[in-house]
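Me: I am new to this structure and would like to learn how to read its features one at a time. Could you take me through them slowly?

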Amino acid sequence: MSNKHIFNSPQGLVLKSLRGAVALNPALRLHAPSKSVYVAHPSLHTRVALVAGGGAGHEPAHASYTGRGMLAASVSGDIFASPSARQILTAIELAIASSSSDKSSLRDVLLIINNYTGDRLNFGLALARARALYADLKIDAVVVADDVSLLRGGALVGPRGLAGNILVCKVLGAYVETGAALEDVKRLADAVVGGALASVGVGLDHCHVPGRSADAEGRAKKGGGKFEGPEGLVAEMLAMILAPRDGMAEGREKEEAFMAIGKMHTEADETVLFVNNLGGMSQLEMGALLDEILNQLDASDIRPRRVYCSAYMTSLNAPGFSLTLLNLSRVYRTLHLTAQDLDILALLDAPTDAHAWLGVRSWPIYSNTQTESEAEAEQLLRTLKPRTEESHGEGRGEETTYWRAADISVGQVQAGIRAACMRVLEVEKDLTAFDTVVGDGDCGETFTAGARAVLRALDNGELEIGKTSPAMLMRRLGGTLEDSMGGTMGARAYFFFHRSPQLSTYTLSVLTFS
C-alpha cells in the first residue's frame, strides 16, 4: 500500500475529480453543490433515465459512466461515504429536467443502487421523496448485490454490490437507448441482479486515503482464504461463484448452482467475464490474472462470450481485484426469452459516450481458443519463406563430421557450456548488486534467464552439439540467449554469437579445456 499522494488532503478533492471527469466529455455537466454529473442533451427517443452513484474513491464510477448509452446522471458522496438523500434527489431531478423542455414528456427514472447500508438508506429516502414530488412519473430502483463471498459461512450482512454494478449500468443503458419502457428495463434489471450476476473480490492490502495517517488505515485480510499462488487464489474465487451455495438459514435447501456446465463447452451456460482492478494492481499482473482465469474456466468447459478487464470500479489505490461472471443463459431463462428476442451481447457491444467504458465492440460469433489462436500465429509466420541455418551454408554433412575430424569431445564441449551456465547462476546476486549501483538492477535476472534457457535446451535436445558445427552452435546459442534474455544483453549476445563465427573454434577450445 502506498501512502504517498500528490494531493495530501481530501479537502476539495472529490469536486476537482468530478470536474476532471466532466472535462473529458463535452456532453456532460456538473452541478457542484450536489456533486452530480448529468447528460445535458440525452437522446430524444429514450423514455427512461438511469441514475446511480455512491461514495467517492471508486472512480471511474460513477461520473465517468455518465453518458448516452449508460447513465443519465450520477452523484458522488465524500470518500467512501454515501451521498445524502438531498444530493441523490437533485441528481434525479437533473436527469428528469434534462430530458425535455416539455414537462408533459419527462422521462421515467430507474435508480441503480449498490447494496451498502448508507446507499440503501439514502437512495431509498430520495426515491420516496421523488415519487411524492413527481407523482406523474414512474420512478423505481434496482439493487445490485453481486458479492457471493458473503453468502457463505453465516455472514451477518448481505452481499455487497461490487464491480458487477458497472455491467448492470452498461446493459441497462444500452437497453434504454432502444426506447424501452421503464417496466421492461426494470424487468431486465431484476433478471440480471436476481441470480445471474456473481462477483468475488480479493485485496492484498488496504488502500490509503489522502491526508489520513497510515496507522489509521489498518490492514485488510487477504481475500479468498488460504491459497497457494495465483492458481490457488483464482481456483478458490471461481469455486465461490460456480459451486452450489448452502442456504443461509438453517434447514433451507441448497441453492441451485450459479450455472449449468455440460460435458462440452457448447453445453454450458453462456457467460460474460468481467475482471476489475481495484486500483493498485499493475497492468502486467492483471493481464496474467486474466489469462489464469480464462485457463481455469476453459478447464471447466466455460468459454465466456465476452471478456472485459480494466479498472472499472476501484477502491482508491487498493492492491486487489475482483472477478464477475454474468450468466446470460440464466437471464434468458428468467425472462422466458431468447437472444433473438433480446440480444444482451449486442447491448454490451453497443456504443456509449461514457468515456470510462472499455470493451471491444466487434466480436466473432465464437472465438478461437488460446491454443488455436497461437497456432494461427505460427501458421501465419510459416507462410513466409523461412531463413534457416542451412540457407547460410551450413550443410548437414559438416554438422555430423566436424567434431570427429577435429578430435574434439562433444561431451567436453557440453560440460564446458554447462559449467559456464552454472557459474552464472552462482553469481546472480553479485550481478544484481553491481547493476543496482550503476544500472536498473536487472542484470542478475537477465543473465540467469539466459543460462537457464541454455541448460533447458541441452536437457530437452533442442541444442544437440554433436549435430552442429561450431559456427551453427554459436548461432543457436545466440538465438537461445536472444529469446530468453531480452534487453541490452540479449542484443549483445546476439551480435557476439551471430556475427563472430570466426571466433567459434577458439571459444569452444576455451570452454572445453578451461
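Predicted model: local features only at pLDDT ≥ 70, side-chain atom pairs only at ≥ 80, totals over all residues.

Me: Why does Phe80 count as partly exposed?

Reply: The class follows from the relative accessible area, where buried means under 20% and exposed means over 50%. Phe80 has a relative accessible area of 35%, so it is partly exposed.

Me: Which residue in the loop between helix 8 and strand 9 could I read in this way?

Reply: Take Asp301, whose place is in the loop between helix 8 and strand 9 (306-310). The phi of Asp301 is near 60°, a positive value in a residue other than glycine, and with a relative accessible area of 25% Asp301 is partly exposed.

Me: How many disulfides does a search of the whole structure find?

Reply: In general, a disulfide is a covalent bond between the sulfur atoms of two cysteines. Here the search of the whole structure finds 0 disulfides.

Me: How should I read the second largest pocket, and how much space lies in it?

Reply: Begin with the volume and then turn to the residues around it. About 630 Å³ of space lies in the second largest pocket, and of the 25 residues that line it, the closest to its centre are Arg303, Pro304, Ser367, Asn368 and Thr369. Helix 8 (283-299) and helix 11 (370-382) each supply at least two residues of this lining, and the largest share, 4 residues, comes from helix 8. By class, the lining of the second largest pocket has 8 nonpolar, 10 polar and 7 charged residues.

Me: How many cavities of 30 Å³ or more does the search find?

Reply: The search of the whole structure finds 1 cavity of 30 Å³ or more, and about 100 Å³ of space lies in the largest cavity. Of the 17 residues that line the largest cavity, the closest to its centre are Met70, Leu71, Ala72, Arg107 and Glu177. Strand 3 (48-56) and helix 4 (164-177) each supply at least two residues of that lining, which by class has 9 nonpolar, 5 polar and 3 charged residues.

Me: Finally, at what angle do the axes of helix 14 and helix 15 cross?

Reply: The axes of helix 14 (residues 428-438) and helix 15 (residues 443-459) cross at roughly 145° and come within 7 Å. In this contact, Glu428, Leu431, Thr432 and Asp435 of helix 14 meet residues of helix 15 including Cys443, Phe447 and Arg452. By class, the contact of helix 14 with helix 15 has 3 nonpolar, 3 polar and 4 charged residues.

Technical notes
Residues numbered from 1 in each chain as written. Heavy atoms only, no water. Disulfide = S-S within 2.5 Å. Axes fitted to C-alpha atoms, helices over the stretch in contact; angles between N-to-C directions. Contact = heavy atoms within 4.5 Å. Nonpolar A, V, L, I, M, F, W, Y, C, P; charged D, E, K, R; others polar. 1 Å grid on protein atoms, 1.4 Å probe; cavity = no way out; pocket = protein on both sides within 12 Å on 5 of 7 lines; lining within 4 Å. Points joined across faces, edges and corners; volume = space filled by probe spheres on them. Buried < 20%, exposed > 50% of the residue type's maximum accessible area, 1.4 Å probe, protein only.
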